[in-house]
Amino acid sequence: MPDAEWQSFRDLMPVTDRYAYFNHASVSPLPRPTRDAVVAWADDFHLHGTTNWVRWRQEIEEVRRLGAKLVHAEPDEVAFIRNTTEGIALVAEGLDWRAGDNVVVARSEFPSNLHPWRHLKSRGVEVREIGNDADEALDPAEYDKACDARTRLISSSWVGYLTGHRRDPAALCEIAHRHGALFFLDAIQGLGVLQLDVSAVPIDFLAADGHKWMLGPEGAGLFYVRRDNLERLRPVLVGWNSVVGAEQFSHDERDLKPRAERFEGGTYNMAGAAGLAASLRLLTEPGTEAIAARLREVTATLVDRIVAVGCHVAADRSDAHWSGIVSFAPPDESPLSFVKRAAEADVGVMARGGRVRAAPHVYNDRSDIDRLIALLTQN
């Protein structure tokens, strides 16, 4: 694990001055450039009002450009949204469902990827929930068996929030399309640190908030809609910013923008955009391949160390299924007790699904892991 090569990245994370922070599957601390970008926007707005609005508006386009670069999409296929839930709702409420249609989704999904689909029951849509509350390692064949001629969509997370099991979007996409259905990917637990190419894997829709692995502020995220699907999705919220010539402010009838931007509706979260753009610049500079390789090294070292002290790691850590989430059971101590003890020692982990969830990032190093291991061996 060549920590020295990543020291400059670590230097941009002041959280490391005090904490061994392993909570990126929850909320990430802000890198220094991200904090500086948000403060610069606030100071500019404080001192100059809207004088420099056009310049700050360009940060929206920077988010769009860099977000597209992350997944190998085109910028006109990317919209700036508040959070993953909003992206899921754009699909759930935007498709032209008919009574008798069904959507297939795992019961182990995070609630944001369940409630929007369940909400469709009032419109006669059947929600086929497969597996149990904790089974994130579902065989793709289970999705296949749940589909039929009335399946309109399969929705799946990329990485399970409980155990960190990473599903294969290509396999699920193939199943959906073979049944004449669409495929939605909740990418929040992987986007920014794992590699994804939508030019090779024909995912129809994708959403992810920036406040986890993308190291961005809360309330600023990405929504991807494949260009071929743009007209399939009815915008849920249509406002002044949804139409061609949005800044003319006339009352004339106008067409919706011929881009994913039509889903943005109204006024932007400019502070969030400034921060997310800074974070995406930081992540895309070394490239997604280098970021993923580094995270693989960090998590592999973490897994080896916690297994060596008697912990059981929950998820498959093979090349096909590993992620940044390492879920484990501490020996002879409840997860909640361990998390409390860790917090008192300034080590940030979370309890999820009856286990401890550690979620490091590329700036974490051996010294952070040493602090976590020390706690495991103290009890």
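1. Helices (H or I, at least four residues) and strands (E, at least two) are DSSP runs, numbered from the N terminus. Please keep in mind that this is a predicted model, where local features need pLDDT of at least 70, side-chain atom pairs count only at pLDDT 80 or more, and totals for chains, interfaces and linings use all residues. Residues are numbered from 1 along each chain as its sequence is written, and side-chain values use heavy atoms, leaving out hydrogens and water.

2. The largest cavity holds about 40 Å³ of space. A cavity is a set of points, on a 1 Å grid over the protein atoms alone, where a 1.4 Å probe fits but cannot get out, and its lining residues have an atom within 4 Å of a point. The volume is the space filled by probe spheres set on the points, which are joined across faces, edges and corners. Among the lining residues are Gly67, Ala68, Val71 and Tyr224. The elements that give two or more residues here are α3 (53-71) and β8 (221-225).

3. How many charged residues does the lining of the largest cavity have? There are no charged residues, but 7 nonpolar and 1 polar. In this scheme Ala, Val, Leu, Ile, Met, Phe, Trp, Tyr, Cys and Pro are nonpolar, Asp, Glu, Lys and Arg are charged, and the others, Gly among them, are polar. The second largest cavity, with about 30 Å³ of space, has a lining of 4 nonpolar, no polar and 5 charged residues. Its lining includes Asp76, Glu77, Arg226 and Arg259.

4. Next come the sheets. An open sheet of 7 strands has the order β2-β8-β7-β6-β5-β3-β4, with mixed pairing; two strands pair if DSSP finds at least two bridges between them. At its edges are β2 (78-81) and β4 (126-130), each pairing on one side only. The antiparallel strands β2 and β8 are joined by 4 bridges, and Ile81 stands opposite Gly221 in β8.

5. Helix α3 returns here: this helix packs on the sheet and touches β2 and β8 (contact means heavy atoms within 4.5 Å). The direction of α3 makes about 125 degrees with that of β2. Axes are lines fitted to C-alpha atoms, for helices over the stretch in contact, and angles run from 0 to 180 degrees between N-to-C directions.

6. A second open sheet has 4 strands in the order β9-β10-β13-β12, paired antiparallel. Its edge strands are β9 (312-313) and β12 (350-352). Between β9 and β10 (residues 326-329) there are 2 bridges, and His312 stands opposite Ala329 in β10. Helix α10 (residues 335-344) packs on this sheet, touching β12 and β13 (355-358).

Methods. 1 Å grid on protein atoms, 1.4 Å probe; cavity = no way out; pocket = protein on both sides within 12 Å on 5 of 7 lines; lining within 4 Å.
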